[in-house]
Amino acid sequence: RDCRLFIKDLHFDGVPVRIYLPREPSASKRRGVIFFHGGCGIFGSIRSYERICRYIARKSDSVVVSVGYHLAPEHKYPAQTLECLTATVHFLKTAETYGVDPARIIVCGDSVGGTYTASVCQELGHRTDIPKIRAQVLIYPYLQALNFNLPSYQKNAAVGFLSRDRAVYFILKYLNKDCSLKEPILAGSHVPESVNLKYRKWINPDLIPDVFKLGYKPPRPALFLPQVHEEVQELFEPWFSPLLAEDAVVCRLPDTCIVTCEHDVLRDEGLLYKKRLEDNNVRVTWHHVGKGFH
């Protein structure tokens, strides 16, 4: 219970959601926030993000929809992305039912929730049959699975909660893959040279500002292992690695806020996405937490 909020558990086209509506009457339609929780796609829940969603609803006087997508590996990828997409489309179409202005809805998520946010916005960028998403908020998002030797991965390799080893381990658990693939993926043996060449214009330590590369050492070239590559094809899909989306998709994205943390293996993915968005004339606000952890 909350004296300032109505809280309801609903289903949006079969997807569980919890909606937080301010009790105080509003003279005009409110803003809407669709929230995707983190947890590597394999843990976390509406309940575990209850306090955060209440806080957002109260402090911003917005209607917040927390999406309870079903977790992997029991629900196979890309079920999580599809459920986030379904819930978003439903809310965009029915926003006025909840006193929300459909032109003032943002999508927000942390960690893998940031992945789902990026994927949903990329998927809906070309749609003309539903209201446009006003903005996206990516809180230390996971955005690529090609290079686990970026400066932030080296610097924070042993930092909890999300160490370099754990990042790849959780990816493999999420996809229900053999965890023995972890070491060759960490080395980069899952990526053909042709793919490295294609995407190094977007995923490259040279694109990271020098202030974030202190102590960085370029890794030795990895031996490509075709059998590993075949096992993890999902890693090369934009739904899984939104940094790989083409410019024609990225240029349609809404205004963006990106939050990065210094002590986080995923820091550089946020920095690289920030550059991609700016290069495609998308307006970006960036907030870096110098003492922050994932």
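**Close-up views of the predicted model**

View A. Asp2 touches Ile7, Arg23, Arg54 and Arg58, leaving aside residues up to four places away in sequence; contact means heavy atoms within 4.5 Å. The model is predicted, with local features requiring pLDDT of at least 70 and side-chain atom pairs counted only at pLDDT 80 or more, whereas totals for chains, interfaces and linings use all residues. Residues are numbered from 1 along each chain as its sequence is written, and side-chain values use heavy atoms, with hydrogens and water left out. Asp2 belongs to the segment before strand 1 (5–12); helices (H or I, at least four residues) and strands (E, at least two) are DSSP runs, numbered from the N terminus. The relative accessibility of Asp2 is 10%, so this residue counts as buried. Buried stands for under 20% relative accessible area, exposed for over 50% and partly exposed for values in between (1.4 Å probe, protein chains only). The Asp2 side chain reaches the backbone nitrogen of Arg4 at 2.8 Å. A polar contact is a pair of N or O atoms within 3.5 Å; within protein, one must be able to donate a hydrogen and the other to accept it, and residues adjacent in sequence count only if both atoms are side-chain atoms.

**View B. Helix 1 (residues 50–60) and the strands it packs against.** Glu50, Cys53, Arg54 and Ala57 are buried in helix 1. Their arc around the axis is only 100 degrees, which puts them on the same side of helix 1; the arc is taken from the directions from the helix axis to the C-beta atoms. An α-helix has 3.6 residues a turn, so residues three or four places apart point the same way. Arg51 and Lys59, on the other side of helix 1, are exposed. Strand 1, strand 2 (15–22), strand 3 (30–36) and strand 4 are what the buried residues of helix 1 pack against. Just after helix 1, Asp61 has a positive phi of about 50 degrees.

**View C. The loop between strand 3 and helix 1, with Cys40 and Arg47.** Cys40 is not a glycine, yet its phi is positive, at about 60 degrees. With 15% relative accessibility, Cys40 counts as buried, whereas Arg47, at 73%, counts as exposed. The C-alpha atoms of Arg47 and His37 are 10.0 Å apart, and the two residues are ten residues apart along the chain.

**View D. The loop between strand 4 and helix 2, with Pro73 and Pro78.** Ala72 and Pro73 are joined by a cis peptide bond with omega of about 0 degrees. Another cis peptide bond joins Tyr77 and Pro78, with omega of about 5 degrees.

**View E. Aromatic pairs, of which a search of the whole structure finds 16.** Tyr69 and Tyr116 pair edge-to-face, at 5.0 Å centre to centre and 80 degrees between the planes. Rings of Phe, Tyr and Trp (its six-membered ring) pair if their centres lie within 6.5 Å; planes under 30 degrees apart count as stacked, over 60 as edge-to-face and the rest as tilted. Tyr69 is in the loop between strand 4 (62–67) and helix 2 (79–94) and Tyr116 is in helix 3 (residues 112–124), so the pair ties together parts 47 residues apart in sequence. Tyr69 is buried at 3% relative accessible area, and Tyr116 counts as buried at 1%. Phe148 and Tyr153 form another edge-to-face pair, at 5.4 Å centre to centre with 80 degrees between the planes. Both Phe148 and Tyr153 are buried. One aromatic cluster is formed by Phe43, Phe161, Tyr169 and Phe170.

**View F. Lys201 and Arg276 over the face of Trp202.** Lys201 lies 4.6 Å from the ring centre, and Arg276 lies 3.6 Å from the ring centre. A charge sits over a ring if NZ of Lys or CZ of Arg is within 6 Å of the ring centre and within 35 degrees of the ring normal.

**View G. Tyr140 in the loop between strand 6 (135–139) and helix 4 (151–155).** Phi of Tyr140 is positive, near 30 degrees, in a residue other than glycine. The relative accessibility of Tyr140 is 17%, and the residue counts as buried. Leaving aside residues up to four places away in sequence, Tyr140 touches Asp110, Ser111, Val259, Cys261, Asp264, Leu266, Phe293 and His294.
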